Amino acid sequence: YRIPSVSTGRSMGRNIVTPPNTPVLAEAGALLENGMKSDKYSLRAGPRKEEQEKREKEEEEGLPRRKLLLSLLVIFGVAIAWISSTRFSKAALVVDPHKFNAPYFMLWWNTNWMITCFPVFLFYNIIRGVKAAQSFHDSVPVLGGSLHTGLFRVALFLFLWSGANYSYLKALAYVSASVATSIQACNVSLVWLMALFLLGDRFVPPKLFAVFLAIGGVVLISLDKEIRASWVGILLSTLSPIFAAVYKVMFKWILGDATLGQVSLFMSSLGLMSLFVNAVPALFLIVFNVETLEVSAVPWIVLVGAGLLGLLFNFLINFGIALLHPLVISVGMLVGLPCNTVIDILFSSVSPTPFFISGSICVFVSFILVVFPYSLVPICKRLRLA
């Protein structure tokens with residue numbers, strides 16, 4: 001049997017006979033044309049695979065660093081926004097309390113600013129070349145997949161949100177900003193307690209001690225002669241971290257690892273529902289003179305500043321909870337705690353009494369005990385604290 005020739009050529013003076021296109025040879029020719037890109041036949045498959053594994057390893061090693069950088073940005077952002085928004089809110093309530101003293105109106109006003117979150121996110125995505133319809137499609141699962149589920153979720157978190165913010169704003173009318181923030185800082189211990197059961201966090205004995213230390217700090221602050229008569233302010237300041245802790249842990253438990261678009265959509269939904277729902281009690285309190293509001297005496301510039309800073313603070317809270325962990329937000333508040341105290345001592349004529357200093361130290365130490373990275377310390381591992 002003689003193989004028919006397809007093409008011939010001259011090489012070293014001899015005829016070269018090329019066989020016909022069989023399937024194996026056709027595939028081999030295709031591989032040659034593609035630069036030997038197939039891992040099945042490529043002579044470069046080994047190095048290519050090693051390069052891919054190297055890139056994946058570098059990405060895995062870089063992920064913790066990126067997450068740490070993001071955590072630091074969120075922490076300092078929360079601290080700055082918290083201090084500033086508290087100062088603006090306090091200023092709005094003390095400018096002329098006889099003509100403007102409306103914490104619930106301020107809650108409604110500040111929450112309305114959150115409506116802008118998702119439109120801003122859409123605009124950002126459009127600049128990046130992502131269509132608005134695609135952004136909405138990717139974000140809408142955060143509402144639960146149905147209208148009644150979405151309404152229930154938003155209503156639940158609006159209730160917790162309103163409770164935390166109204167009690168905090170109302171407390172600022174009775175106590176100084178440093179006292180309110182010191183007691184508010186106790187929410188970190190409450191977050192850990194709830195995360196222990198709902199988020200499956202590990203039980204660590206020093207963190208349990210931190211809970212009792214935080215409670216002791218609140219008691220010491222409440223015994224301060226300067227604020228003993230303002231038991232209403234102490235009670236409201238205590239209610240705020242309870243609502244805030246439930247909000248933070250429930251947000252992570254129900255919504256899980258939400259994306260930036262999902263967080264933005266949820267915040268806009270929260271603000272939109274508040275625009276209509278919270279307007280009713282705000283109007284009711286003003287009409288029946290429970291709160292005072294004269295339009296001519298409203299410090300609009302201060303309110304706009306408080307609204308913008310509150311928007312930044314609240315966005316960082318939800319963003320940090322969804323993409324990082326509730327305790328990251330608490331660390332940000334830890335950074336802001338001594339700053340608020342120093343500002344009050346220097347500019348608001350608040351006396352650093354022994355009770356107040358001792359209580360603040362107790363709360364500060366409880367913060368450290370809760371957020372301390374026990375897993376990074378060898379002795380803590382040996383003592384099984386991590």
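Which residues have the most contacts inside the largest nonpolar core? The legends below take this up first.

**View 1. The largest nonpolar core of the predicted model.** Phe100, Phe266, Leu270 and Leu303 have the most contacts inside this core, which has 76 residues. A nonpolar core is a set of buried Ala, Val, Leu, Ile, Met, Phe, Trp, Tyr and Cys residues joined through side-chain atoms within 4.5 Å; buried means under 20% relative accessible area, exposed over 50% and partly exposed in between (1.4 Å probe, protein chains only). Beyond its neighbours within four places in sequence, Phe266 is in contact (heavy atoms within 4.5 Å) with Val142, Leu143, Arg153, Val154, Phe157, Phe251 and Leu255.

View 2. Helices are DSSP runs (H or I, at least four residues), numbered from the N terminus. Leu260 counts as partly exposed because its relative accessibility is 29%. Residues up to four places away in sequence aside, Leu260 touches Phe121, Phe315 and Phe319. Between Leu260 and Phe121 there are 8.2 Å, C-alpha to C-alpha, at a sequence separation of 139 residues.

**View 3. Helix 10 (residues 231-255) and the glycine that follows.** Just after helix 10, Gly256 takes a positive phi of about 65°.

**Notes.** Residues are numbered from 1 along each chain as its sequence is written, and side-chain values use heavy atoms, with hydrogens and water left out. In this predicted model, local features need pLDDT of at least 70 and side-chain atom pairs count only at pLDDT 80 or more, while totals for chains, interfaces and linings use all residues.

Conventions
Helix = DSSP H or I, 4+ residues; strand = E, 2+ residues; numbered from the N terminus. Expected span 1.5 Å × (residues − 1).
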